[in-house]
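The sequence and structure come first.

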Amino acid sequence: MALLQIAEPGQSAAPHEHKLAIGIDLGTTNSLVATVQSGEARTLNDDSGTAMLPSVVRYQADGISVGSDAAQAATQDPANTLISVKRFLGKTQAEIEQSYGQLPYQFCEDNGSLAIETAAGKISPVKASSHILASLKARAEQSFGNQDILGAVITVPAYFDDAQRQSTKDAAELAGINVLRLLNEPTAAAVAYGLDSGQEGIIAVYDLGGGTFDISILRLHQGVFEVMATGGDSSLGGDDFDSLLVEYFKQQTGVTALSPSDLRLFINKAKACKEALSQYAKVNVGLEFNGQSHTVEVTREIFNELATPLVKKTLRSCRRAVKDAGIENEEVLQVIMVGGSTRMPLVRSQVESFFNKEPLTSIDPDRVVALGAALQADVLVGNKPDSDMLLLDVLPLSLGLETMGGLVEKIIPRNTTIPVARAQEFTTFKDGQTAMSLHVLQGERELVDDCRSLAKFSLKGIPAMAAGAAHIRVTFKVDADGLLSVSAMEKSTGVQAEIQVKPSFGLSDEQVASMLKESMSNAKGDMQARMLKEQQVEALRVIEALEASLATDSQLLSNEELTRLQSEIAELAQVRQTATEPSDIKAAISKVDNASSVFAERRMDSSIKKALQGQSVDNV
Amino acid sequence: MRYFKLFAIPVDYNVDLALVNKNYLDLQRAVHPDRHANASSRDKLMAVQSAAEINDALQTLKHPVKRAEYMLSELGVDIRAEQQTLQDPLFLMQQMELREELEELTSATDVDAAIAQFEEKIKQLNTQYSAQLAEQLASNNEQAYQQAADNIRKLKFVYKLRDELERIEDSLFDD
């Protein structure tokens, strides 16, 4: 293992030192990892020279395998081989069965969240995703000569709701990855194309992957990617085209019920048939099962006829998004094609005629997202201090609260640019009421039952007052990753209400923490060391960040304030080197953090003023 | 008028939207959390807060009704959470007629032309009330502020009509 490089405060590592950061496309069917080297983004290959890692994890009593080995075992061992697990993130068993029909898995409950029974025990979709991410991380570390990776940008479908985004972030945390940002896949694709070709104007990103469809309308202006609107369907993708062919095979061969392994065989054949039809006008599919062998002929016409309703469905979402963006089809300058399913000739021709524009396909549609993520990771980690790049995203689905009668009141409407904070006031219903519960939902419909339940919050510790006297201000915050947090305060007394979050899907913070512990329990002695190291790295980051800020902005502090802050920093540097308890460093960090709050505020104000310097002279 | 100051634009109901958009991007480029991905957690928190405020300011400045309500509340008349209804029988009568007309749009012989015509009507109303609002908000006169409040209430009706029209257009598209 490489030694951590430590520089004296104020003499931090050379400014041009290249920091290692990766971009990960955690796909439904395949996942990829990419990085920027010598100014160019490229995907990283595994030992056999392949970039795409099938998003498949096989769980056996004696071990876990990820990728093509697992995928090959899918036919023989369908129940233990988890495929397209991304579609299960943040979902219930009922929703999964309704959307995808017969699946070869044994679903179960694990501490109130969805899991799948395997030979290696109960596996949650988050855990399976973390195994895919860990495999990609290991690949990247290996290609970097086992140096530490500072952080990763992980992409998610633009349409992912809070539960799905949170699950993705949890999976990354379990895999030991520092998430710099969750980035919408279409935005990542635009980054890859935008930076390569310097496009300006309105761009539509049509992303038809293995299990999700996204359409995003982006505006590119002076290096800024603004998402004007997003739409799509988190349960529509290449797998659905395969399902259509599976149904067609069943109909042609006269079979009604399939065993899990036969179903897997049919799905594999369907996938191969679909891919072959992108090149050939006719494909003969051989199917052997129940001791019989059948041959089904599929022409491109038959397939197009089967597939047309699905493609039309994607175009309806396109029309909606174009409208949401407040533009007309003709204003779209470019259409970017993303996802392996856009190789289907039917998809290309339909999209072309919808936008009346030949879509861009020059970057491999399977890699374009990972490449874009890598480019942003490179900027975020600080390798390009002069970069102007800024990615503005929007909230994909409205956030609301349950009100009387099972109705949803919208607090933050969809397509609001994030980060965003909105406050809402509530009052008590009974005299002396000290607690209150809130139900947070996401979706566009008016009834609670038609929206997605995100979490139930209970506010406790409200001071006892007459009914209607307490004014509880609940603030909803959505960060740049699209993740929600909630805080509450009783206004007249200033009492901060205690909040308990019970996510309706996915995992609670405690569950993630205990899973993390579990994953480290094999090496208990290492745990203390790992936590200490983590705190040392964090302390170093804080010191370096503050030293850098002081170097440019120390004039914003009075002499007294400056001296105090400097002595706190010096103390942290001292503690960082001598402490043996992680909690000691943590305490010192939080002391410095508090001491620097005024400084942080003034610096933000000053950068806001600087941003518009010259403007005020011209205009006021 | 903090939002106007934040965006370095003159305090005037008639805003230069192109300038607002341009300054918005410059501001976000300075404060967005992505620009502080490596900073201390205190700086990151500050970045999220500032970016959220700038986003809020943009939404307010861009939307004619929200902008008017914001300016009026800064001038001391806050009608944003009001329950008060509009007392203007003539206006309400006109609105009812427009609603009826709206409901009959889909049964017109030339639906597209009918929609275009209706859109034009909404636009005229919008221009009329907006022009009055700009004057009233700049008047420095308490009575004019009260009239502005009424104008905002009227503008809300107009925007509701516009939303309804959009819904009708959508439902035609979806067929």
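## Extent of the interface

The model is predicted. In it, chain B contributes 40 residues to the contact with chain A, and chain A contributes 43 residues. The area buried between the two chains is about 3900 Å². Carbon and sulfur atoms give 55% of that area.

## Polar and charged interactions

The rule finds 4 salt bridges across the interface of chain B and chain A. One pairs A:R181 with B:D34, whose closest N and O atoms are 2.7 Å apart.

## The chain B side

Three helices of chain B, α2 (17–31), α3 (41–62) and α7 (142–173), are the elements that each give two or more residues to the side touching chain A. The largest share comes from α3(B), with 13 residues. By residue class, the side of chain B that touches chain A divides into 19 nonpolar, 10 polar and 11 charged residues.

β18(A) runs parallel to strand β13 (residues 201–208) of chain A, and 6 bridges join the two. Within this pairing, A:A204 has A:V335 of β18(A) as its bridge partner.

Strand β26 (residues 471–478) of chain A takes part in two antiparallel pairings. With strand β23 (residues 420–427) of chain A, β26(A) pairs over 8 bridges. In that pairing A:E425 stands opposite A:R473 of β26(A). With strand β27 (residues 484–490) of chain A, β26(A) is joined by 7 bridges, again in the antiparallel sense. Here A:F476 stands opposite A:V486 of β27(A).

How many residues lie between β26(A) and β27(A) in the hairpin they form? There are 5 residues between the strands, and A:G482 in the turn has a positive phi of about 85 degrees.

Notes:
Residues are numbered from 1 along each chain as its sequence is written. Chains are lettered from A and ligands numbered from 1 in the order in which they are written. This is a predicted model: local features need pLDDT of at least 70, side-chain atom pairs count only at pLDDT 80 or more; totals for chains, interfaces and linings use all residues. Side-chain values use heavy atoms; hydrogens and water are left out. Contact means heavy atoms within 4.5 Å. Buried area is the accessible area (1.4 Å probe) that two parts lose on being put together, summed over both. A salt bridge is a side-chain nitrogen of Lys or Arg within 4 Å of a carboxyl oxygen of Asp or Glu. Helices (H or I, at least four residues) and strands (E, at least two) are DSSP runs, numbered from the N terminus. Ala, Val, Leu, Ile, Met, Phe, Trp, Tyr, Cys and Pro count as nonpolar, Asp, Glu, Lys and Arg as charged, and the others, Gly among them, as polar. Two strands pair if DSSP finds at least two bridges between them.
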